[in-house]
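Visitor: Hi! I'm new to this, so please walk me through the model.

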Amino acid sequence: MRLGTEGVIAVSDPPRASSGPDTAVDENRLEELVIEAQTALPFELPALANRCASSLGLDTALIYLVDLQQRLLIPLDEAMEPLPVDHSSAGWAYRTVSPRVAEADDGLILWMPLVDGAERLGVLALRTSFLDGVRMRRSRMLAHLFAMLITSKRAYSDWLAARTRTATMQLPAEMLRAFLPPHTVGSSRCVSTAVLEPAYDIAGDAFDHSVVKNLLHTMILDGMGHDLTAGLTTSVAMAAARNARRSGGDPADVIGSVDQALAQWLPDHFCTGVLCRLDAETGVLRWVNCGHPPPLLIRAERVLAQALDSPPQPPIGLAGLLAPATRQIHETTLEPGDCVLLYTDGVVEARDADGAEFGLDRFTDFIIRSSAAGQRPAEVLRLLIHAILDYQRNQLRDDVTILLFEWRPQHR
């Protein structure tokens, strides 16, 4: 299938069309395809997408997944070429999480975002001779179905992981990425999104986030050193945190478990970090900072200076006299629309060719301006991490990790 790029049209749902003989679907055939999807191998998804599209009265379908650095949309059809996330109709649908229509030589191409929960996976390209309300609804249904299929199958598919890589993964990065959650998680009341670079050679930085009923748990870590052991340190820390969290522990229990795990298994290694828990119903935020840059609170398009500062506490995992008996947990109440920003020191310490740091002001100003322009949190961080890489000419001296979460109870 050859895709055209001219004649781009932003699209909303066409008027609803009444059902009739020309809109009928062979439900038996559709059921067969859904059952087939349960056991389909990942490399069989492109052909399955075409058969599903045909059963819904569409012409053809093509799946694109975003690469690890969110610069390219890579087709699962290995004969096709990738498309840029920036400056393409497909990329527009991905960046805005909205459908997009482009005119082709013999019809239309509808670009549908592939989204699972709050996470952007890529886009689905659907070719059709014309577009009406029925075809739009069916296209959206197909995009939802394949987003769920991709999410369920990529957990065990090396093929899907390999398709979204554009470089060789180094061993420390391979190990640590096995522990990382999706880039974006959330609910109707809150969203958390994170990015990490260098994508293929990370060492000691890591992030974690999870939604448990009405609670959003977030964490950012920076392990000592820049080698495999640094990655092992943060991997053990994440495992200990999840173990305590899944056992019902509160923030004090979680950070205490991480302290104990590192002291027991890696007594000569430690990491700095911030752990947060947000009650998405009340806006109550509890956090603990262990030797890490303080979180930043952004409210009404400005940073509230020192709002989330706290007295210094030792890094996580220090044994002996420096190990605290208990960690001090801090608490505040957010306002609707507030954003909290966690980051590692590699963000502000990134330097250009003249040695000038990227700096905290440039960092927060980028976040505020992008958010004010209407960018979604995940897109804000995608643009920001690329700006930092460009600033340092893709030669990072340290890992760069950023996590942004937002409380938005008005979205209920």
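Guide: Let's start with a term: a crossing of two helices is called left-handed when the near helix is turned anticlockwise from the far one by less than a right angle, and right-handed when clockwise. The model is a predicted one, where local features need pLDDT of at least 70 and side-chain atom pairs pLDDT 80 or more, while totals for chains, interfaces and linings use all residues. Residues are numbered from 1 along each chain as its sequence is written, and side-chain values use heavy atoms, without hydrogens or water.

Visitor: Okay, what is the handedness of the crossing of α1 and α2?

Guide: α1 crosses α2 in a left-handed way. Helix names follow DSSP runs numbered from the N terminus (H or I, at least four residues, for helices; E, at least two, for strands).

Visitor: At what angle do α1 and α2 pack?

Guide: About 160 degrees, with 10 Å between the axes of α1 (residues 27-39) and α2. Axes are lines fitted to C-alpha atoms, for helices over the stretch in contact, and angles between N-to-C directions run from 0 to 180 degrees. α1 and α2 are therefore roughly antiparallel (under 35 degrees is roughly parallel, over 145 roughly antiparallel, 65 to 115 roughly perpendicular, the rest oblique).

Visitor: Which residues in α1 and α2 meet?

Guide: From α1 there are R29, L30, L33, E36 and A37, and they meet L48, R51, C52 and S55 of α2 (contact means heavy atoms within 4.5 Å). That contact has five nonpolar residues, one polar and three charged. Here Ala, Val, Leu, Ile, Met, Phe, Trp, Tyr, Cys and Pro count as nonpolar, Asp, Glu, Lys and Arg as charged, and the others, Gly among them, as polar.

Visitor: And how do α2 and α4 pack?

Guide: α2 (residues 45-55) and α4 (residues 133-154) have axes 11 Å apart, at an angle of about 160 degrees. α2 and α4 are therefore roughly antiparallel, and their crossing is right-handed. On the α2 side you'll find L45, L48, A49, C52 and A53, and they meet L142, F146, L149, I150 and K153 in α4. This contact of α2 with α4 divides into nine nonpolar residues, no polar ones and one charged.

Visitor: Switching topic: what angle do α7 and α8 cross at?

Guide: Roughly 140 degrees, and the axes of α7 and α8 (residues 251-265) come within 8 Å. That makes α7 oblique to α8. The crossing of α7 with α8 is right-handed.

Visitor: Who touches whom in α7 and α8?

Guide: T233, V236, A237, A240, A241, A244 and R245 of α7 meet D253, V254, S257, V258, A261 and L262 of α8. By class, that contact has nine nonpolar, two polar and two charged residues.

Visitor: What comes just after α7?

Guide: G248, with a positive phi of about 90 degrees.

Visitor: Which residue has a positive phi although it is not a glycine?

Guide: Q70, at about 60 degrees. Q70 sits in the loop between β2 (60-66) and β3 (72-75).

Visitor: Last one: where is the cis peptide bond?

Guide: The cis bond joins E197 to P198, with omega about 0 degrees. P198 belongs to the loop between β9 (190-197) and β10 (205-212).
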